[in-house]
Amino acid sequence: MVRERLNTLSAVKLALLVVIAVFAASAVYTSLVIEQRQTALRNTDRYNIALLASQGPAELARFLERVSSSTWSGSDVDTDEIGLRFDILVNRLGLWRDGEFGAFADATPERRETLRLFEEAIAAGESLAASPGDIGARATLRRLFVPLEDRFARLAAEAHLVSAEQASRDKSELLGLHEIFTWLAIGLICCGIALLGLVLWHNRLLSKTHSRLHELTGDLRHASGQLNAAMDNMSQGLCMVDAEIRLTVFNRRFLSLFGLSRADAPPGAALPEVLARSPFLRADQVGLQSSALWPSLLSLENGVVLAATYRPLPDGGFVATYEDITDRRQAEAKIAHMAHHDALTELPNRALFLERLDAVLAGLEDSERSFAVLSLDLDRFKEVNDSLGHMVGDQLLCAVARRLLECIRPGGMVARFGGDEFLILQPSENQPRDSEAFARKVIEVVSAPYDIDGREILTAASIGVSVAPFDGVDSHQLLKNADLALYRAKGEGRGTYRFFAPEMDAALQARRSLGQDLRHALAHNELDIHYQPIINLRTNEIAGYEALLRWTHPQRGPVSPGIFIPLAEEIGVISELGKWVLRRACEEAARWPEHIRLALNLSPVQFRSRDLAPTVAAILAATELPPHRLELEITETVLLDENDSTLAILHQLRAMGTRIALDDFGTGFSSLSYLRAFPFDKIKIDRSFVRDSERPDCIAIIRSVASLAANLHMATTAEGIETAEQLDRVRKVGCTEGQGYFFARPKPAHELVHSPAGQKTEPRRLRLVG
């Protein structure tokens, strides 16, 4: 190895000497070329611009001399010689027009003028030169060309000066180039000498390196021992085999992972034979002769999972490393479980349910079996959360999940989709009878009382059922149809089940279409406000009007508020409609007599917006309606949704001077607690009690509410009065106000006729003027 390096260095030295010699020869040769170039330039001086210019006066002088001599008596000048001299002048004009002389002549106005006069003289004398025997022609030729002699002389002088300057510049540039190149050549020679010195220095370094190699050999032996120690302390098992799959290197971790001792792995032993002695490997996991066939994942009999990597070596062997990934695999399995299961109930989640549903649907293609998808929703679960807290709600969900698992038949599946919504997959061969019986059983099991932290909690379940393949062969279609059936079940009283029917989808599509139309109803001026009078039962005067929103659809005609108001809440346009109604109604109420109030119902959705109170204040200020003439009606649902925040908004509204009424009293969940939580100005008794007021229990409820309101200094309005008998009953039990078709139907603002202030009017008459 050392001899080869020395031979290489000698070759490098020789190459460097050759390069330096070439550089020197090139410099000498270039200098000679430049010298030859200078000599050539000196030799060609006579052919430059000065030469051309100096020939002009000489040729002109010869021409004029021949013309003058031809006029003497006894002259031997031949007329052909005059023509020849004229042709020489013509040729000289051609040389002056082109090339460097042409550029020189165009450089100044005087030179251009000389050339122009020369051209004019040639043109004028061309015909005269053709007949030189004529004495008059010769005189004319002299007059044409004699004035040019001075100009040609000046032109020649200027040309000599320019040529001299140009030659001087060229010589200076060539001398500079020669000097530069000379220094460049000297520099290259110096570089070559420096390179030679570097090579010699490198030789010395090689000698030192050779000595250092001997020292490093000892260090390498020491490092080898450290490397063995490092290998034995690796967290991975490592082994190296040769081309014959015989062990050459291995560490302690390799032995421990496979339960081997050093006696089980003697030097030179075949790797399959060594692994065959492992108590943790099966026979099918050893005996392979190629690293390409060895498994990258080994599951040992002791439960350990090893990840193996094999890297080939140039000699045909390979290096294998084995890493214990048992904990990692367990963590991955846990993550995979979490990705497909609900964290609270441990039930499968939406993703896993859809995978199972798709798999079952794929198996239906070659089978006549069917199955049902049940969408289950707990009734009044939000009330449990709000009244008892989310921890109790979570325990209730877990208890429901356990009961549902007990109901599932073999091959079935129950999953939680979120909130209080569950999905059940139930295979069956007898549809829909089996699904109907199963749904009844689930409702019965889920509706049984729950004992959570010593509290007895009651809930129920509503179920929607879709059956495959009759209601769809696509997972999303089946889920959608089950949700439609659930929507119908909850709308028909809760605690029951409904099977999907095609008309449910049609109803949903119609509802969506109606929702789209509702979004544009305000912009298309399809909405209007009607007003129904509220009568003071003690004075028979009109105390106020309730603003009622009306929608006249361009194709459907009038749409019931019971249909489009919930729809507006569902699609998120109720706040926009509420602001429009409030502004429009306040503008119209501001023109009414001062003693007449405006009553207007607020949706629970409007209370979710924190700008409700500022909006009301801004509209009152813009319309100049006094706040005490505005009466805002809310239902118990408003207080049920968000108790604390809703009460804060109610207090803001009350602080600005508006009146607050509790609408549909008696139909909610905990009305008395709300009366204690907020001091309402009025209680409106639901029309269902007024309609059945001939029943002793209903009239007793009306009497109790009226008495309770009187004790709390609140007014009471009986809604839905349609007969004189109903009016007489609610008046006798203490209701202070009445409202209903008996007095008047809702009308647009321009049709209202207000009773004069203080005038007492009979009820029958109110039906005509209200």
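Okay, let's start with Lys682: its side chain makes a polar contact with the side chain of Glu737 at 2.6 Å. By polar contact I mean a pair of N or O atoms within 3.5 Å; within protein, one has to be able to donate a hydrogen and the other to accept it, and residues adjacent in sequence count only if both atoms are side-chain atoms. A second one, of 2.7 Å, joins the Lys682 side chain to that of Glu631.

Quick caveat: this is a predicted model, where local features need pLDDT of at least 70 and side-chain atom pairs count only at pLDDT 80 or more, while totals for chains, interfaces and linings use all residues. Residues are numbered from 1 along each chain as its sequence is written, and side-chain values use heavy atoms, with hydrogens and water left out.

So, is Lys682 buried or exposed? Buried, with a relative accessible area of 1%; the cut-offs are under 20% for buried, over 50% for exposed and partly exposed in between, with a 1.4 Å probe and protein chains only. Lys682 sits in strand S19, residues 682-685 (strands are DSSP runs of E, at least two residues, and helices runs of H or I, at least four, numbered from the N terminus).

Now the aromatics. Tyr531 and Trp592 pair edge-to-face, 5.2 Å centre to centre with 85° between the planes. Tyr531 is in strand S13 and Trp592 in the loop between H18 and S16, so this pair ties together parts 61 residues apart in sequence. For pairing, ring centres of Phe, Tyr and Trp (its six-membered ring) lie within 6.5 Å; planes under 30 degrees apart are stacked, over 60 edge-to-face, the rest tilted. Both Tyr531 and Trp592 are buried.
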